[in-house]
Amino acid sequence: MKKLFLLTFVIPFLGFSQQLFWYDVFLEVESENVSAVATLVNDFYSTIEKPSDLSVSFSRIPLKGEGFNPTHMLSMFSPSSKSLADFRSSLKGEKWDLYTSGMRGKVKSIRAEAGNVLSHVNLDKVGPIGQAWHFKVHAKDTGKFVAAFTKLMKTFKPNGFAGTGQLTHGSSNGESMFIYATSSNLNEAFAGGPKNKKEADAIQTFFNEIDFAEFSGTNTRVEITQY
């Protein structure tokens with residue numbers, strides 16, 4: 001599957017958990033409303049309480065495939081499904097009503113999706129630029145997809161965080177799996193391919209092993225603020 005993720009996050013997490021949980025809210029904002037929306041987001045999320053093991057970030061989406069309309073996203077990410085669920089349930093009351101009222105008319109469209117990361121590396125190297133790749137994978141092949149990714153990470157060594165997992169809620173057009181990787185800067189993101197023949201061969205093997213998966217699209221997020 002804020003903030004594949006994205007994911008774009010510096011996660012306040014000590015120790016290690018194989019599974020991570022995220023909730024992303026995608027916003028389509030027209031250019032004349034970007035500043036007002038950013039102010040509303042900051043005024044709300046910078047003043048509310050959240051669990052210590054949960055991260056919230058606000059990002060723009062400058063690079064995306066055809067047909068992907070969102071321009072910004074809010075990402076919520078935690079190693080605890082309970083923390084994530086409790087935080088999402090807490091978004092109500094007078095402050096929330098004022099926030100959502102202010103957003104009306106400034107956001108052209110909004111949608112949300114959620115999921116969980118099933119295999120990851122470099123959790124301590126989450127960068128502010130994140131790229132998500134989405135795939136259509138039959139449920140029976142989920143384990144094979146994750147196993148192929150885990151195998152790839154034994155040879156391919158990304159500079160930042162990299163993970164794969166499921167889109168469990170809110171997916172569209174049959175997308176069910178994702179790969180998400182982050183970079184510390186744009187140059188690192190542009191140069192994030194294989195660094196030698198061994199890594200290139202490992203990537204080719206990975207694609208051969210997930211030939212059952214249909215690639216759906218990709219988008220790149222750049223963090224504006226983290227809360």
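This is a predicted model: local features need pLDDT of at least 70, side-chain atom pairs count only at pLDDT 80 or more; totals for chains, interfaces and linings use all residues.

Residues are numbered from 1 along each chain as its sequence is written, and side-chain values use heavy atoms, with hydrogens and water left out.

Helices (H or I, at least four residues) and strands (E, at least two) are DSSP runs, numbered from the N terminus. Helix 3 spans residues 94–103, and its buried residues are Trp 96, Tyr 99, Gly 102 and Met 103. Buried means under 20% relative accessible area, exposed over 50%, and partly exposed in between (1.4 Å probe, protein chains only). Viewed down the helix axis, the buried residues fall within an arc of 130° and so line one face of helix 3; the arc is that of the directions from the helix axis to the C-beta atoms. Glu 94 and Leu 98, on the other side of helix 3, are exposed. Just after helix 3, Gly 105 has a positive phi of about 85°.

Pockets come next. A pocket is an open set of points on a 1 Å grid over the protein atoms alone, where a 1.4 Å probe fits, with protein on both sides within 12 Å along at least five of seven lines; lining residues have an atom within 4 Å of a point. Grid points are joined across faces, edges and corners, and a volume is the space filled by probe spheres set on the points. The largest pocket has a volume of about 690 Å³. Its lining comprises 32 residues, with Gln 131, Trp 133, Phe 156, Ala 181 and Gly 192 nearest the centre. The second largest pocket holds about 320 Å³. Among the 20 residues lining the second largest pocket, Gly 67, Phe 68, Arg 111, Ser 172 and Glu 175 are the closest to its centre.

A salt bridge is a side-chain nitrogen of Lys or Arg within 4 Å of a carboxyl oxygen of Asp or Glu, and the count comes to 11. One of them joins Asp 86 to Lys 82, with the closest N and O atoms 2.7 Å apart. Both residues lie in helix 2 (residues 81–90), 4 residues apart, about one turn of the helix. Lys 195 and Glu 199 meet in another, at 3.4 Å from N to O; Lys 195 is partly exposed at 48%, whereas Glu 199 is buried at 4%.
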